[in-house]
Amino acid sequence: VCFTDANIGTAVGYHGAILRTTNGGLSRIKQTNGTLTELYGVCFTDSNTGPAVGFGGIFRTTNGGVSRFEQANGTNYHLNGVFFIDANTGFTVGESGTILYTTNGGTNWIEQTSGTTNPLYGVYFIDANKGTAVGWDGIILRTTNGGANWINQSIGTTPLYGVCFTDANTGTAVGRDGTILRTTDGGTNWILQTSGTINNLTSVSFTDANNGTVVGLSGTILRTTDGGINWNTQTSGTNKDLSGVSFIDANTGTAVGWDGTILHTTNGVTTYYK
């Protein structure tokens, strides 16, 4: 799931599912990419332009999905995560250590050398040069030159599924069995935080260095206001597995998950509603 402001957002999922809202989720429009392939990631840089990725490649729209998402040529990869820094520069990660990047808005994609064959699930860039990808067996890859080189920062944890940075130094990664890792030095050191759960954690969204939200299996939602020193369990109102979360400010966010579950909050902490 990805929101560009409080009203406009897109969620993707199995069987080519693409849902679009322009009113903060009060109503949703089903869109199409012309395929029933599974979609695992979506990232919009403005209200109109963004790719979705999944099994079978990269699908992109430039008009908010009014016309169907078109598949990018030559990208028949199994992809799990995508992140765009601006309308032109983006990265996507997937199976067998795949990392692809584009500098022309997705017209062309170039494969980079990741140095791993482990599946990669999440990727996040703070600018065109500095980014982090995470994946199986606790793999953490870091670049400071736009992916020309990827440095392995792994510390031997369980699989990691999501990552988010708020500046060049400060980031959080989440994964299996309630794993939450935090860095404040650009990944030179990753510190294990206490999540209070053994449920798998699948996605993380921080709006600043202190305020962040993590989601996971069985309706798990965790919230911090102190950079993860304390993680507090939120009442989600569902036991469905949650697989994505996107906050556009400290209060306004959306989580999505299995069986079409969509949860939304406008107060950041106390109330999630379907």
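**Asking how we know**

Reader: Which residues is Thr61 in contact with, leaving aside its neighbours within four places in sequence?

Author: Thr61 is in contact with Phe44, Asn48, Thr49, Gly50, Ser67 and Phe69; contact means heavy atoms within 4.5 Å. This is a predicted model, in which local features need pLDDT of at least 70 and side-chain atom pairs count only at pLDDT 80 or more, while totals for chains, interfaces and linings use all residues. Residues are numbered from 1 along each chain as its sequence is written, and side-chain values use heavy atoms, with hydrogens and water left out.

Reader: Why does Thr61 count as buried?

Author: Its relative accessibility is 2%. Buried means under 20% relative accessible area, exposed over 50%, and partly exposed in between (1.4 Å probe, protein chains only), so Thr61 is buried. You will find Thr61 in strand β7 (57-61); a strand is a DSSP run of E with at least two residues, numbered from the N terminus.

Reader: What lies 2.9 Å from a polar atom of the side chain of Thr61?

Author: The backbone nitrogen of Gly65 does. A polar contact is a pair of N or O atoms within 3.5 Å; within protein, one must be able to donate a hydrogen and the other to accept it, and residues adjacent in sequence count only if both atoms are side-chain atoms. The 2.9 Å separation falls within that limit.

Reader: Let's move to Gly9. What makes Gly9 buried?

Author: A relative accessible area of 4% puts Gly9 in the buried class. Gly9 sits in strand β2 (9-12) and touches Cys2, Phe3, Leu19, Arg20 and Thr21, with residues up to four places away in sequence not counted.

Reader: Why are β13 and β16 said to stand at the edges?

Author: They belong to an open sheet with antiparallel pairing in the order β13-β14-β15-β16. β13 (120-125) and β16 (151-152) each have a single partner strand, so one side of each is left without a neighbour in the sheet. Between β14 and β15 there are 4 antiparallel bridges, and Val134 has Ile140 of β15 as its bridge partner.

Reader: What is the phi of Asp137, and where is Asp137 placed?

Author: Asp137 is not a glycine, yet its phi is positive, about 55°. Asp137 lies in the loop between β14 (131-135) and β15 (140-143). Its relative accessible area is 47%, so Asp137 is partly exposed. Ser218 also has a positive phi, near 60°, and lies in the loop between β22 (212-216) and β23 (221-224). At 43%, Ser218 is partly exposed.

Reader: Why does Trp258 count as partly exposed?

Author: Trp258 has 44% relative accessibility, so it falls in the partly exposed class. Trp258 is in the loop between β26 (253-257) and β27 (262-265).

Key
Two strands pair if DSSP finds at least two bridges between them.
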